[in-house]
Amino acid sequence: MDLSAISPTLLVASLMVAATPILLAALGEMVVEKAGVLNLGVEGMMIMGAVTGFVAAIESGSPWAGFLAAAIGGAAMALLFGFLTQVLLSNQVATGLALTLFGLGLSALIGQGYVGIKANSLGRVDLGALSDLPFVGRVLFGHDPIVYLSLLLVAGVWAFLRFTRAGLILRAVGESHNAAHALGYHVRRVRMTAIAFGGACAGLGGAYLSLVRVPQWTEGMTAGAGWIALAIVVFASWRAERVLVGAYLFGGITVLQLNLQTAGARVPVELLSAAPYLVTILVLVLISIRARRGGAAPADLARPFHAST
Amino acid sequence: MIRLERRPTPSRVWGAASPLLAVALTMVSGGLMFAALGQDPLEALRTIFWDPVLGEFAWYFRAQLLVKAAPLILIAAGLAIGFRAGIWNIGAEGQYIVGAIAGAAAGLAFYPSESALIFPLMVVCGALGGFLWAMIPAVLKVTLGTNEILVSLMLVYVADNLLASAAVGWLRNPDAVGFPGSRNLSQWEASANPELIAGTGMHWGVVAALIAVIFAHVLMTRHLMGFHIRLAGQAPRAARFAGVAPARLVLFCLGLSGLLAGLAGLFEVTGPAGQVSIDFASGYGFTAIIVAFLGRLNPLGIVAAGLLMAVTYVGGDNAAANLGIPGAAISAFQGMLLFFLLAVDVLSNFRVRVGRGALA
């Protein structure tokens, strides 16, 4: 094994690329859960984003049109979930699972004519001299616009939840929908908006996989990324800045195991491929040990709201 | 204006009618989907739902129906018990894979013996493999409160990698060249799970599925454990006052569903699939979730639901061969069914009232 073949600069730079899809999806899901809704369909929304984004980018020739279509596709799937859980008051766990199963099937159907095509790449943001700096230039200033967009979104969500009135209402709805309802806030409307935002984020994350990271369309290409995003929300104890840490940690593990595979580490390939999932379990275990001293989950998470008249 | 008014108790009529309504709605929107794919919708629906059961060549498809339905019913019967208690094992696919690997490994350790004890040993090891794989999320949930949904699902991906390493590595047939995979278990007399009655598709997995359904039915309606499970699902607080230990329920429900999923994997690997290979995982563990809900989490309903889902599999293959409808359309169709099912459930829990009504 030749560890010197692994360049730390490239490792950190590709870590950010590997983490971005999960970061976007996890950030969206965190907002949804803050509003008191548990949407287990992240995987389904991501894969729908991946396919609609890819198809739109190929048909229009512009990756930007792809990302826009992916956000719309993800939000449309999320609104389907929202209609079922908020209006028809179906079980959120079961409906989320249904969203994932349906998304995996439908995306395979939509994408069947697009297997094996390569998408136009998204150019890097040119920051002139900054990008030429050693190490820092490559790591911080040499990425595509979506990486920066995801970082801006983290800051935006953090500020929104912490400093704005709308963010306070959203958190109130998640902590106690009955109290929020009694104060005159529209619980269902707030939750639907949050659900749509979460779907759009998951869709963007999926499109980042199919348009930048891979960049191709293959059936079932999200390979559990949506579920890992859900785990990261728990890991982050529902805080935006920790979602960033969680996603980048996870991206680091993914990239490291890929690098070890190519460097020919004397560890079975299958064990390395399973490493991200094993680490996710490990993290969940560590979190639950810590969370025994009082969890950070929104109090009304996954509870259905029905305004009794 | 349309309002929803909660019923004091769920409607029995709608409870029975809603799966039928969901199937009807899925047929309509499935027809629209096939029309969008440029197919004649009636022709497509006939190819999927009529031909395998009552068509000219139904004798050929009928054997396939039981082969597909058995693992679905076996897994769904276990999952439904957990779902009743609000314990979400969604990693049945992983338990199914590990059961198959564990059973196959136990049998192959004695190759080429012809002892009659080998198949029973494999069945026990398959069940044990699935059980232990499900015990990982169960024990973590009970001791540390770790979310069982995420852990059981993550373990599916781990099981996938375990399967890959078994197929290309430690269980690989040493005498074979070419495609990686284990020795053929269905051709080795001692491990084979053959058709018990020729032409029916009836193998030991079908027998096990029937036993599991009867067991689950008795458990849920006649046994104290079944009562505790239902109580914990419907009124967790009341269950705690009644002295139901949540930890025991978690261990029992996850363990039982893992055991049944492991059995399903073992019967599949020794029968229809024949060997441990990379593409052994077929998604039965996930489709079984749909089957469990379609059967209203009721063991007897699950039999009907499993058979219906088997029809979509067999008919889907038929449609793919004859009409060129992509296989993915069938998974979308199955997902759609689950959606409609959850949507029409509103009718059994709520009354739909039109007009403003009297506000109290």
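## Elements and confidence

The secondary structure of chain B, by comparison, comes to 14 helices and 2 strands.

As to confidence, the model scores ipTM 0.84 and pTM 0.87. For chain B the mean pLDDT is 85, with 98% of its residues reaching 70 or more. Where pLDDT is low, predicted coordinates should not be read in detail.

## Overall form of the two chains

Chain B has a radius of gyration of 22 Å, which is close to the 21 Å given by the globule rule for 360 residues, so the chain is as compact as a globular protein of that length. Its C-alpha trace spans about 80 × 55 × 35 Å along the principal axes. Of the 360 residues in chain B, 54% are buried, and among the contacts in chain B with a separation of 6 or more, 79% are between residues 24 or more positions apart.

In chain A, which has 309 residues, the buried share is 50%. Residues 24 or more positions apart make up 79% of the chain A contacts with a separation of 6 or more.

## The contact between chains A and B

The contact draws 38 residues from chain A and 38 residues from chain B. On the side of chain A that touches chain B, at least two residues each are supplied by α4 (92-111), α10 (225-235) and α12 (269-291) of chain A. The largest share of that side, 12 residues, belongs to α4(A). Sorted by class, the side of chain A that touches chain B holds 25 nonpolar, 11 polar and 2 charged residues.

## Helix α12 of chain B

Helix α12 of chain B covers residues 299-322, and its 24 residues reach 34 Å from the first C-alpha to the last, close to the 34 Å expected at 1.5 Å a residue. Because 17 of the 24 residues of α12(B) are buried, this helix is largely enclosed by the rest of the structure. Just after α12(B), Gly324(B) adopts a positive phi of about 75°.

## The strand pair of chain B

Strand β1 of chain B (residues 2-6) and β2(B) pair in the antiparallel sense, and 5 bridges join them. Within this pairing, Leu4(B) stands opposite Val352(B), a residue of β2(B). A residue is called buried only if 20 or more other C-beta atoms lie within 10 Å of its own; of the 5 residues of strand β2(B) (residues 350-354), the number buried is 0, so the strand lies largely in the open.

## Ser29 of chain B

Ser29(B) is found in helix α1 of chain B, which runs over residues 12-36. With 14 C-beta neighbours inside 10 Å, Ser29(B) counts as partly exposed, a class that falls between the exposed limit of 12 or fewer and the buried limit of 20 or more. The C-alpha atom of Ser29(B) is separated by 8.4 Å from that of Met336(B), although the two residues are 307 residues apart along the chain.

Note on methods. Residues numbered from 1 in each chain as written. Chains lettered and ligands numbered in written order. Predicted model: local features only at pLDDT ≥ 70, side-chain atom pairs only at ≥ 80, totals over all residues. Helix = DSSP H or I, 4+ residues; strand = E, 2+ residues; numbered from the N terminus. Expected span 1.5 Å × (residues − 1). Rg over C-alpha atoms; globule rule 2.2 N^0.38 Å. Contact = placed C-beta atoms within 7 Å. Nonpolar A, V, L, I, M, F, W, Y, C, P; charged D, E, K, R; others polar. pLDDT = per-residue confidence, 0-100. Pairing = 2+ DSSP bridges.
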